[in-house]
Amino acid sequence: MPQFTTQPPEDPRGHGLPLIRTPANGKIVLAITTDNLIGCPTHWYGGRTVPCEGENCQPCLEGYPWRWHGYLAGILPGTRRHVLMEFTAQAAEQITQYRDSHQTLRAAILTANRHRNRHNGRVIVSLKPGDNDHLHLPPAPDVIGALSILWNLPATKGEPTDTIKRLPTVRTTPPHKSNGKATKPNTAPTA
Ligand SMILES: [Zn+2]
């Protein structure tokens with residue numbers, strides 16, 4: 001028998017959020033809703049960004065390089081759409097500086113664009129305090145939960161730490177050769 005319901009099943013991981021990156025042309029303006037950024041080592045694997053799983057991480061075992069990506073949530077002006085923003089360690093410097101001097105990222109207005117509007121141009125980030133009374137910010141979403149949905153991870157997740165305890169192994173030589181050809185990671189997009 002089919003099980004008819006008038007509600008879709010609830011995802012125990014919470015709600016997903018669309019992911020945005022700094023575009024080649026134009027800029028992102030975001031009113032940040034989260035207090036802090038969160039990030040982790042990731043791989044460009046199978047045509048998408050996936051988190052490095054640390055021990056027994058398949059991309060690590062296959063010799064894929066890793067890079068840290070940071071995430072925060074915010075509201076886009078106009079549509080007031082709640083989104084996740086992905087950024088690199090280099091772009092994170094401005095964000096952590098702002099966080100450390102203001103004790104929070106919430107209600108900051110973040111602007112990001114690329115140097116010379118190039119696809120892989122350096123991301124230029126600036127933050128300034130927004131007017132909390134006028135922003136009418138919704139509560140901060142669960143960013144790790146939203147990432148778990150994005151990455152299709154189980155609901156259980158570890159608590160974030162302030163430092164990476166164990167850095168992923170980076171191999172400089174291809175781990176194996178098949179058909180005489182070395183396996184090569186795809187070219188990762190810049191975030
Ligand atoms: Zn890994």
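A residue is buried if 20 or more other C-beta atoms lie within 10 Å of its own, exposed if 12 or fewer, and partly exposed in between, with C-beta atoms placed from the backbone. In helix H4, Val-143, Ala-146, Leu-147, Ser-148 and Leu-150 are buried. This is a predicted model: local features need pLDDT of at least 70, side-chain atom pairs count only at pLDDT 80 or more, and totals for chains, interfaces and linings use all residues. Residues are numbered from 1 along each chain as its sequence is written.

**Overall build**

- The protein has four helices and ten strands. Helices (H or I, at least four residues) and strands (E, at least two) are DSSP runs, numbered from the N terminus.
- From the N terminus on, the order is β-β-β-β-α-β-β-α-β-β-α-α-β-β.
- Of the 191 residues in the protein, 25% are buried.
- Two residues are in contact if their C-beta atoms, placed from the backbone, lie within 7 Å. Among contacts with a separation of 6 or more, 70% join residues 24 or more positions apart.

**Confidence**

- pLDDT is the predictor's confidence in each residue, from 0 to 100. Its mean over the protein is 85, and 82% of the residues reach 70 or more.
- Over residues 171-185, pLDDT stays under 50. For this stretch the model has 13 contacts beyond four places in sequence.

**Nonpolar cores**

- A nonpolar core is a set of buried Ala, Val, Leu, Ile, Met, Phe, Trp, Tyr and Cys residues joined through C-beta atoms within 7 Å.
- The largest such core has 25 residues. Those with the most contacts inside it are Ile-32, Leu-72, Leu-84, Met-85, Leu-110, Val-125 and Val-143.
- At least two residues of this core come from each of strands E2 (27-32), E5 (67-75), E6 (82-88), E7 (108-114) and E8 (123-129), and from each of helices H2 (89-102) and H4 (143-150).
- Leaving aside neighbours within four places in sequence, Leu-84 is in contact with Leu-17, Pro-18, Leu-19, Tyr-71, Ala-73, Val-143 and Ala-146.
- A second, separate core has five residues, including Tyr-45, Cys-60, Tyr-64 and Trp-66.
- In soluble globular proteins, nonpolar side chains tend to be buried together.

**Strand pairing**

- Two strands pair if DSSP finds at least two bridges between them.
- E2 and E7 run antiparallel and are joined by five bridges. Lys-27 has Asn-113 in E7 as its bridge partner.
- E2 also pairs with E5, in the antiparallel sense, over two bridges. Here Ile-32 has Gly-74 in E5 as its bridge partner.
- E3 and E5 run antiparallel, with five bridges between them.
- E3 is joined to strand E4 (residues 48-51) by four bridges, and the two run antiparallel. Thr-42 has Pro-51 in E4 as its bridge partner.
- E3 and E4 form a hairpin with two residues between them. In the turn, Gly-46 has a positive phi of about 60°.

**Pro-41**

- Pro-41 sits in strand E3. Its bridge partner in E5 is Trp-68.
- Pro-41 is buried because 20 other C-beta atoms lie within 10 Å.
- Pro-41 and Gly-70 are 29 residues apart in sequence and 8.9 Å apart in space, C-alpha to C-alpha.

**Helix H4**

- The buried residues of H4 pack against strand E1 (19-20), strand E3 (38-45), E5 and E6.
- Just after H4, Asn-152 takes a positive phi of about 55°.
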